[in-house]
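Try each task before you read its solution.

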Amino acid sequence: MELFYVVVFGGLAAVVATLELSKTSKDRINTSPAFNSFKNNYLVVYSLMMAGDWLQGPYVYYLYSTYGFGKGEIGQLFIAGFGSSMLFGTIVGSLADKQGRKRACVTYCITYILSCITKHSPQYKVLMIGRVLGGIATSLLFSAFESWLVAEHNKRGFDQQWLSLTFSKAIFLGNGLVAILAGLFGNLLVDTLSLGPVAPFDAASCFLAIGMAIILSSWSENYGDPSESKDLLTQFRGAAVAIASDEKIALLGAIQSLFEGSMYTFVFLWTPALSPNDEEIPHGFIFATFMLASMLGSSLASRLMARTSPRVESYMQIVFVISSASLLLPIITTFLVAPSKVRGGSISLAGCIQVLGFCTFEACVGIFWPSIMKMRSQYIPEEARSTIMNFFRIPLNIFVCIVLYNVDAFPITVMFGMCSIFLFVASILQRRLMVISDKPKAESWISVKERDTEAEALNI
């Protein structure tokens, strides 16, 4: 392995260790033993859920290719996953608010385990069913768990600021350390033990089952709007009204869609960007380096959110600008660094520069997740939290499906340029959110429900 990769990984590891070990009382939040027990329980469950997700990621494409499917068929399978998340995500989110967030988290485990089981079949239709189930599970992963956490945190009367501690630790562990360990464990199963590309999916099922057992035995149920008279259509309408009537919620949804859309596009683009001439690059080690950079970002976020100043709404403007600049590097290096014409070989100078830029972007991702979680906890009404959060994912999934369908239609520099523009627009919207963040809501969820009740009474 080239020295460059080791130096970057070692440098990031040293910075992360220094940040964590050098925290002072100003960087830490004093909490109660009851909260620490609650937080640790959630972190264990969340880490197991993310382990089940991260174990699958690096091997989905590889598994499909070993079954003999081509790039076009594999692309259709991936589109099915994102399309399923878009079509069914809002429905399952609304059911989570109405039927219970704990039930939704258990449903995530069952659905994802079934999706893993389908990977044993080489039949295209069975794999397509697995992708649909996986899309539903993804919607639940990114809405039900956070909704349960926020509601349970408030129900137990914990300090609102303590939520930021749970968020930052969850991202540090689940999107950082667990991702690295899952990558190494998957590599052990597939390459070292030669158990085949389906082994990580079986391991993921085991982690998901363990997490489900902990949820069933230790979590209490909580709801958004448990009203028996409220059907799904009414819930959708109420969530749409909440978004339309409160500019802060609408801005938050737009910011999330722009950033996550750029992030998922980056996932597809970084490999061809670093190896345009089929350079030999250690994909697993680079992935682990990116996750270490994400851990660096979440560590920075925990420090920032432990203090009253700067506010999340303020520093996220800078984060979006930095992330926008980092994804411009593939375009800049095209003009400033002479491209290599040698096929194969080691990573080029342009590739080395881009790795540093991509690590910067991943650090911004590490800051983004706990910060957007904190803002969602402040602005999204509790009664429809899961529904609204999945509403936010609709434009995201549409965007990713379009990118996947047209991934070969545009040069890679155009795709990165588009992502950079989206991130800059996100910084502008974040600026607007900061300006209006202290304004009262234009119309609360309660007033929307009262108005609907009055309207129904007049129609009778």
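The exercises below concern a predicted model, and each comes with a worked solution.

**Exercise 1**

Find out how helix α8 and helix α12 are oriented relative to each other, and which residues meet between them.

*Solution.* Start with the axes: those of α8 (residues 162–192) and α12 (residues 283–305) come within 8 Å and cross at roughly 170 degrees. Angles over 145 degrees count as roughly antiparallel, so α8 is roughly antiparallel to α12. Now look at the side of α8 that takes part: among its residues there are S164, S168, I171, F172 and N175. Across from α8, the α12 residues include F287, A288, M291, L292 and M295.

**Exercise 2**

Decide whether S323 is buried or exposed, and list its contacts beyond its neighbours within four places in sequence.

*Solution.* First place S323 in helix α13, which spans residues 312–326. Its relative accessible area is 0%. Buried means under 20%, so S323 is buried. Next, leave aside the neighbours within four places in sequence: S323 is then in contact with F259, F361, C364 and L423. Finally, take C364 from that list. S323 and C364 are 41 residues apart along the chain, yet their C-alpha atoms are separated by 6.1 Å.

**Exercise 3**

Identify the residues that make the nonpolar surface patch of about 330 Å², then classify the exposure of I91.

*Solution.* The patch is made by L87, F88, I91 and L95. Of these, I91 lies in helix α4 (residues 71–99). The relative accessible area of I91 is 31%. That value falls between the 20% and 50% limits, so I91 is partly exposed.

Definitions and conventions:
Residues numbered from 1 in each chain as written. Predicted model: local features only at pLDDT ≥ 70, side-chain atom pairs only at ≥ 80, totals over all residues. Heavy atoms only, no water. Patch = residues over 30% accessible without salt bridge, like charges linked within 9 Å, V, L, I, M, F, W, Y side chains within 5 Å. Areas by Shrake-Rupley, 256 points an atom, 1.4 Å probe, with all protein chains shown as cover. Salt bridge = Lys/Arg side-chain N within 4 Å of Asp/Glu carboxyl O. Helix = DSSP H or I, 4+ residues; strand = E, 2+ residues; numbered from the N terminus. Buried < 20%, exposed > 50% of the residue type's maximum accessible area, 1.4 Å probe, protein only. Axes fitted to C-alpha atoms, helices over the stretch in contact; angles between N-to-C directions. Parallel < 35°, antiparallel > 145°, perpendicular 65-115°, else oblique. Contact = heavy atoms within 4.5 Å.
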